[in-house]
Amino acid sequence: MHLTRWEERAYEGEHGETMESAYRVLVATGKLLGADRLIPIVSAHISGVNYANIGDAGVEFLERFSKDAKVKVKTTLNPCGIDSGKLQLFNPPREFVDKQGRIVDSYVRMGVSKSLSCIPYEIDNRPRRGSHVAWAESSACVFGNSVLGIRTNRESAVSALASAITGKTPNAGLHLTAGRRAKFVVDVRARPSSNLDFGILGIFAGKLTAETIGFTGLKGDATQLKALAAGVGTSGASAMFVLLDRAPKGLERVSFTDEEISKVREQLSSDLDPEVVLLGCPFYTLREVSDLAKGLKGRRLKKPMFVHLSRSVYSEADRKGLVKTIEESGGEVMKDMCPSLSPTPKWKGFTKVATDSAKGSYYMKSSLKLGVNLLSAEDIVRNYT
Ligand code: F3S
């Protein structure tokens, strides 16, 4: 892998310890991916924010690293484990609140935007089509490549941070046009209609290959494709899909029928009576909040419902009166925190939840050990108001 003279010096530690570690991460990743060189990026998006995931080792690393690290490009941040404005709703342990705060402060010290969102493309960070970026957060990465036409590999928390600090990423994988062509085809013979169906299709397809997936027979709007991207990013290592009119010859193909929708749904869902409804994995877009508010208007929820948004979408939703509508029906609108990997349901004693997200169900079951009833948002409103 070719490095410029400056990059070589940075790699050898001549530009300080921070740069040295960042370049060592990028060179190691680049070699693994077969990159010929490093290329400039216009933005980074960082995961590794939730204290429930990164623990004490993460807090210590970030506090040390942020003493002299500064990001070189626009850099946004994934959700964390709490909504610090609504702590009274869950009463999280003091230690959790303190350490979560130290993590976010460390990123802010490095110049990272306190966006705390897994849909950075909605408002906070929407690069132009064709831009090279380094995004962690699998759902955002798959959506970015597949729908926005930006170019990113599926970065880890560490490699995205190294890219943010250097403003560079290895030139390989999905940064190259060849890497973006479909190598595996899913013929969609079912008619996925709800966002949930698209999420289920994503979970199904993501398991089949780590390469770019081509879907034939599929059309979807941005919200449906967001659910599809989240599913693809959850069950496997693929970082991109393309919608095809016709499958290129010679590629392996698999069909997705109504039977597969039922099978995947059965794996992710139990027919249980939930104690609480968790929505917003990935975080709801303005359009999704608006649809939900429309469905809830004039109705009263029979179950506690938490709807998860980024702070930027929350502000817009609040301005449009959508937060008020949801709250009037008995729902709570949360900012900054991930509903699927934060231990909040446990703190509250909830063990059975309903959600409209295939990705959410996957993590709530596997990481939080919750029982999950997976329903479309429309069915949730119908059943629980
Ligand atoms: Fe976002 Fe958490 Fe789901 S980060 S995509 S809400 S698992």
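Predicted model: local features only at pLDDT ≥ 70, side-chain atom pairs only at ≥ 80, totals over all residues.
Guide: Residues are numbered from 1 along each chain as its sequence is written, and side-chain values use heavy atoms, with hydrogens and water left out.

Visitor: How many salt bridges does a search of the whole structure find?
Guide: Side chains of opposite charge can pair when their charged atoms come close. A salt bridge here is a side-chain nitrogen of Lys or Arg within 4 Å of a carboxyl oxygen of Asp or Glu. For the whole structure, the number found is 22.

Visitor: How many residues apart in sequence are the parts that Lys 359 and Glu 137 tie together?
Guide: The two side chains meet in a salt bridge at 3.1 Å, N to O. Lys 359 lies in helix H14 (residues 358-366) and Glu 137 in the loop between strand S4 (133-135) and helix H5 (138-148), so the pair ties together parts separated by 222 residues.

Visitor: Is Glu 137 buried or exposed?
Guide: Buried means under 20% relative accessible area, exposed over 50%, and partly exposed in between, with a 1.4 Å probe and protein chains only. The relative accessibility of Glu 137 is 12%.

Visitor: What is phi of Glu 137?
Guide: Most residues other than glycine have a negative phi. Glu 137, in the loop between S4 and H5, has a positive value. Phi is near 75°.

Visitor: Which residue forms a salt bridge with Arg 287?
Guide: The closest N and O atoms of this pair are 3.6 Å apart. The pair links distant parts of the chain, with Arg 287 in helix H10 (residues 286-296) and its partner in the loop between S7 and helix H8 (222-235). Arg 287 is partly exposed at 43% relative accessibility, and the partner is Asp 221.

Visitor: Which helix holds both Asp 379 and Arg 382?
Guide: These side chains meet in a salt bridge at 2.4 Å, N to O. Asp 379 counts as partly exposed at 25% relative accessibility, whereas Arg 382 is exposed at 54%. The two residues are three apart, about one turn of the helix, and that helix is H15 (residues 377-383).

Visitor: Why is helix H6 (residues 157-166) described as largely enclosed?
Guide: Ser 159, Leu 161 and Ile 165 are among the buried residues of H6. Helices are DSSP runs (H or I) of at least four residues and strands are runs (E) of at least two, numbered from the N terminus. H6 is largely enclosed by the rest of the structure because the buried residues number eight of the ten.

Visitor: What is the bridge partner of Val 186 in S7?
Guide: Strands S6 (residues 184-188) and S7 run parallel and are joined by four bridges; two strands pair if DSSP finds at least two bridges between them. In S7 (residues 213-216), Ile 213 and Phe 215 point one way and Gly 214 and Thr 216 the other, and all are buried. The partner of Val 186 is Phe 215.
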